[in-house]
Amino acid sequence: MTLQGSLAHEEYCAQLLAETDAFREIVRHADLSVTVPTCPDWTLADLARHVGGAHRWVGTLVARRATKNVDDADIPEGDGPAGDDPAALDAWLAEGAERTVAALREAGPDTEVWTWSPVQRAGFWARRMTHETVIHRADAALAAGAAFDVPAPVAADCLEEWLQICELPVVAERFTGRGKELFGPGRTLHVHATDAPPGLNAEWLLDLTGETPTHRRTHEKAAVALRGPLSDVLRVVYRRLPADSDRVEVLGERELLDRWLAWASFG
């Protein structure tokens, strides 16, 4: 598994800044005490601190060319500002993203840095933090009642990365002992973004007929199909939108889709 992305390193860096700006725009105009429905243990303020803390964690790893994970105590301003001042929280979010992107740009994609994946390079973090911020922007939008949309190439790459992560051995270990529930002959899922440009190839076939999941980009008949606009399909896959939403369509064995989504709810 290569965890290969479809965007260039600089595109990820630029998109990480853009996604952070969009996230901040939601947070600035919302009640920070509201509960986030998709992260019910968090308020919107907690979500903002999580996003900002993740940015600073990665920025620290990359800037230090870390060969192992860093302790939380070693992350500068990792917990965010004291108190509940929205302006201070917003400034902290902006500064953290800028520092992280500066570190990523200085390192370039191929510099060796510790990650939790087989890919021990800074480029992994540029992609991962971009998509981490995309998905948590979806959380913030839901909490605040704001609109959510993602540029098609970014949304497609976010979904592709999610499927790649599902195939990593460290994740696939979660399937041990659950083969009867999820795997078997004919157990396939088709994910089809109906609004994506043709050249983007925004269709996926998820194959659960073996002992671990595999996927490929293709238009192919499956036991169950999930269809809808790309941003909405992405949210369903990440469990930020229910599969019975009227924004998407499910055709075929709905129970198989539900079982898969229940297992893969680590995002």
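Which residues does L44 touch, not counting residues up to four places away in sequence? The list is V27, A30, D31, L32, V34, V36, A140 and A143. The model behind this report is predicted.

**Core**

L44 belongs to the largest nonpolar core, which has 88 residues. Together with V62, W125 and W260, L44 touches the most other members. Helix α4 gives the most to this core, with 11 residues. In general, nonpolar side chains tend to be buried together in soluble globular proteins.

**Helix α1**

Helix α1 covers residues 9-28.

The buried residues of α1 are H9, Y12, C13, Q15, L16, E19, T20, F23, R24, I26 and V27. Residues three or four places apart in an α-helix point the same way, because there are 3.6 residues a turn. The cover over the buried residues of α1 includes α2, α3, α4 (122-144) and α5 (152-166). V27, one of the buried residues of α1, is also among the residues that L44 touches.

**Sheet**

Five strands form an open sheet in the order β5-β4-β3-β6-β7. The pairing is mixed. Strands β5 (214-217) and β7 (249-252) lie at the edges, and each pairs on one side only. From one strand to the next, the twist averages 15°.

Strand β6 (residues 224-228) runs antiparallel to β7, and four bridges join them. R227 stands opposite E249 in β7. Helix α8 (residues 230-237) packs on the sheet. Helix α8 touches β3 (188-193), β4 (203-207) and β6. The direction of α8 makes about 135° with that of β6.

**Positive phi**

E77 has a positive phi, and it is a residue other than glycine. R239 also has a positive phi although it is not a glycine.

| Residue | Phi | Loop | Relative accessible area |
|---|---|---|---|
| R239 | about 60° | between α8 and β7 | 43% |

Definitions and conventions: Residues numbered from 1 in each chain as written. Predicted model: local features only at pLDDT ≥ 70, side-chain atom pairs only at ≥ 80, totals over all residues. Heavy atoms only, no water. Pairing = 2+ DSSP bridges. Helix = DSSP H or I, 4+ residues; strand = E, 2+ residues; numbered from the N terminus. Axes fitted to C-alpha atoms, helices over the stretch in contact; angles between N-to-C directions. Contact = heavy atoms within 4.5 Å. Buried < 20%, exposed > 50% of the residue type's maximum accessible area, 1.4 Å probe, protein only. Expected span 1.5 Å × (residues − 1). Core = buried A, V, L, I, M, F, W, Y, C linked by side-chain atoms within 4.5 Å.
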